[in-house]
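Hi everyone, thanks for coming.

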Amino acid sequence: MKKKEKEREKEEKMKKFLEKKQAQEAQSKKDEGSTEKKEKKEKKEVIRYDIKTNKGDRKDTLGTMPDSYSPSFVEAAWYDWWVKEGFFKPEYGGRDPKKTKDEDKFIMMIPPPNVTGSLHLGHALTNAVEDTLARWHRMNGKMVLWVPGCDHAGIATQVVVEKKLMREQKLTRHDLGREKFNEQIWNWKNEKGDRIYHQLQRLGGSYDWDRCNFTMDPKLCRAVTEAFVRLHDTGLIYRSVRLVNWSCALNSAISDIEVDKKELEGRTFLPVPGYKEKVEFGVLVSFAYPVENSEDRIIVATTRIETMLGDTAVAVHPNDDRYKHLHGKFVKHPFFERRLPIVCDDFVDVSFGTGAVKITPAHDQNDYEVGVRLKLPLLTIIDDKGNMTPDCAQFAGMKRFDARKAVLEALKEKGLFVEVKDNPMVVPMCSRSKDVIEPLLKPQWYVDMKEMSAEAVRSVKEGELKLIPDVHNKTWYSWLDNSRDWCISRQLWWGHRVPAYFVKIDDPNIPPGTDTDGNYWVSGRTEDEAKQRAADKFKVSKDKITLKQDEDVLDTWFSSGIFPFSVFGWPEQTSDLESFYPGTLLETGHDILFFWVARMVIFGQKLMGKLPFKEVYLHAMVRDAHGRKMSKSLGNVIDPIDVIQGITIEDLHKRLEEGNLEGKEIEKAKTGQKKDYPNGIPECGTDALRFALVAYTSQGRDINLDVLRVQGYRFFCNKLWNATKFALLSLGENFRPTDSFVLSGNERVMDKWILSRLTLAVEICATGFQNYDFPAVTTACYNFWLYELCDWYLEYMKPIIYGPDEEAKRACRDVLYTCLDMGLRLLHPMMPFVTEELFQRLPRRHANEPPSICVTPYPLPKDIQLREKDVEANVEFVQSVVKSLRSMRADYNLNKQKADVYLKVSDEATAKILISFADVIEASTSANCVHILINEAPPSGCAMSTVSTKCETNLMLKGLIDVKKEISKLEGKKDTLGKQLIKLKDSTKKSDYSSKVPEDVRKQNTDKVRSCYLELFPLDYSLPIHSLIYSFIHSFISSLIHSLIYLFIYPFIYSVYLL
């Protein structure tokens, strides 16, 4: 019997198990099905434009608008049509540049991006700001020319291609030779350069692509040669042996902008290319020089002890009493038979260290100047590769930082070492190779900056050139007043080869020259011209002359400096040069104010006799959301295309692997990407990215851009889309706007209000653009569309559009069309794609209107003058009433239920305002009916809120809510918060709380306690109110108690808590 029962129980258990398993499998299949459906749904959300349209043809906008905004759909086809139609060309509409007045033109150059790879968000900011300005001026009737181009980026490009060559073929540039190596760069440029232009087009840049330029194009090469020859002829370019920033890893001099200054607080070990172990920096080594024929020693200190091998003097201040007895004497070098004079110079700071300074003229800029001043020997002890020269005795051939350790040990052995101590310092690093810069003496070509810099300073001081914001004026003066002559030689193969030739003369009567002697160098537009010049200079026949062209190339900034006129064909007097030089504006980042902007100014003034532009607008620098500089190694350098079309975290990682980062740097960058973009970057679209960048552009120093915040502006685009779609339905298929908007007299107060707000938006945009106040423009457009047109006017007009009053309908539709038309035009400079898409779907006032929003006039204050401040003030008051009622509805979860509204006011004037807006309040708050009470109590069963001293809102809840349930819910919430508060208070009372709990956690706990109090106080008075409502006590008493608690007791309790 028991056995049968057990078997039966076993069978039942098995049956239940199988049923459970089947249910689980069914649920699993259901989940898979729902996942598939979800995936399909997500796929459906990516709406694309699939109507066959030939490249350059106008997009088909006759079809039905998709249900929601899709960047992929909206941005398709428009750009090619804009370009094909010639909207971006200055000659559009048959205009003649020669016959157009300068004041009717707007001419701007792109800051040519480096050809080294993809654009980043800094470039996107530049493009967004410049295109916004270009489109605004074009819409204002100006003849606009925005010249695109790309920079050959000498060092950066050569480094990238050399790394690529080694990685893929295990070859160096020397294995290929100069000609074949440059062929490799050209192949790489043709691939990457096209990608950059594609990115600029995806960003919507309204460039004239027929005037696109690359700084190594033949036309620009000819201009570079001409500029060099002319400046060399006038003596402004000369050859000299001076200290340069030398990168041993690149084996080239580099410009100041390519030097990163790494600040150290003290002893630090840094990685240096070519060294297995990290190298010590941030220490000050003191050692002694024995004074010749004396027991005295002079103690000096240095951060670079290896350079003492090149010391040629010890300097003291002439008024330093400690060393007056040593004036004119010598110290002995411990490693060479070298006597070092003790010299006097005012540059010595008597309060720093011992007041005695070692002088190494060939390896330190300050020492070099002292050496030149006092005619000291210049001993080079470190060669181009960073090794000690043969003149360094037992240290010869050592790497410079290996010699650092060896010299220190040798000084200790000789008893001359004094001490080592921490020393805050700045280490100059090559931004390209991460090598430590070595100052070396090199024969180089220089530009004499003195007179040209003075002229550039004068142009700003006298207002001929305007820097915006003018906070940069002071920096401009400081830099140019103290500018050193500009070294323009680079020991590279990629770039504009220096058009200068060393002269050898086959004539015994003329002594041979040296490479460092500028007299034996000539320049020429061609080698033949240079040979003739040499023959003329040395008064011999051409056949006696042998030339060798300088192997170096020119600094990239040299060709960039003549960009504003080289792009138009200078030195030939072309039609474009005559029509478009000088330009109107230069827009760029403030970080290249001197390296590029100043050089364009000095070259424009010197070679053209005119400033290259009238104004310079300097935007802030883009940093990441954490305020960090954009860096590939941090993983925060983002391709704008990835923001536009979205990218997974996996593909972000792949981008890093495709670049030139080393293994450890890639892993570090991946970690940064995982932290900032754990789910990748969502598709935001071009318009959202541009709008975000322009909105961030205040006239400050930095922009901390959270890429994911751009998504918020995509939602704004979706709002524009849905609002316009609804508006077009409201207008109806047969709507035709009047030839021009004029008030019909049938407009209601909300019609007048939205027109007044539109007028204000137009005024703010006009002033904002004129003052380069882009956040004012974006805020005005955003607020008008989102908070005024969408949130209020479209809601207000629904009952009218669906109502019986035809005159009111027509007036409302005319107002709505005017808002859409002007609102889209206001937005267009920042959001070109979505505004074109929506604008093309609007009916036109005239049959002969411009074909594109690109060339449609921008709204100006003279076009709409319908500001009514009294109406705006009244509507603002009504909006506060509506917000109060909506808040109460939300508090009591009144979703679809309609409730009676009682507005209690204290005077007739307020009542009159509310009566005129009763229909708006009713429609906006789902009210059953709106009652206006003048000093009269509302009926019982109402919840009350105070709007102002003259108005309170009352919402009838009786019969709409389950008061018992509400009380129970509030009591439960109060109980939960009370327990949380007790737990937090108990934890803070522990004796070791302050010592063991981190400060940030303690701050979080304090914030949580405050938050609990803030949530508990309203519950403490909400519960009695609910009880009063439940008991149906007279509303006057309810209102009085509620008001007393809200206005007096609650603020008092809270202020006591804060104290």
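I'll go through the salt bridges, pair by pair.

A quick word on the ground rules: this is a predicted model, where local features need pLDDT of at least 70, side-chain atom pairs count only at pLDDT 80 or more, and totals for chains, interfaces and linings use all residues. Residues are numbered from 1 along each chain as its sequence is written, and side-chain values use heavy atoms, with hydrogens and water left out.

So, how many salt bridges does the structure hold? There are 59, each being a side-chain nitrogen of Lys or Arg within 4 Å of a carboxyl oxygen of Asp or Glu.

Let's start with Arg 533 and Asp 233, whose closest N and O atoms are 2.6 Å apart. Arg 533 sits in helix α13 (residues 527-538) and Asp 233 in helix α8 (residues 218-233), so this pair ties together parts 300 residues apart in sequence. Helices here are DSSP runs of H or I, at least four residues, and strands are runs of E, at least two, numbered from the N terminus.

Both ends are partly exposed, Arg 533 at 25% relative accessibility and Asp 233 at 44%; that label lies between buried, under 20% relative accessible area, and exposed, over 50% (1.4 Å probe, protein chains only).

Next, Glu 464 pairs with Arg 458, with 2.9 Å between the closest N and O atoms. Glu 464 is partly exposed at 39%, and Arg 458 is partly exposed at 24%.

Finally, salt bridges with shared partners join Lys 89, Glu 91, Asp 208, Asp 210, Arg 211 and Asp 576 into one network.
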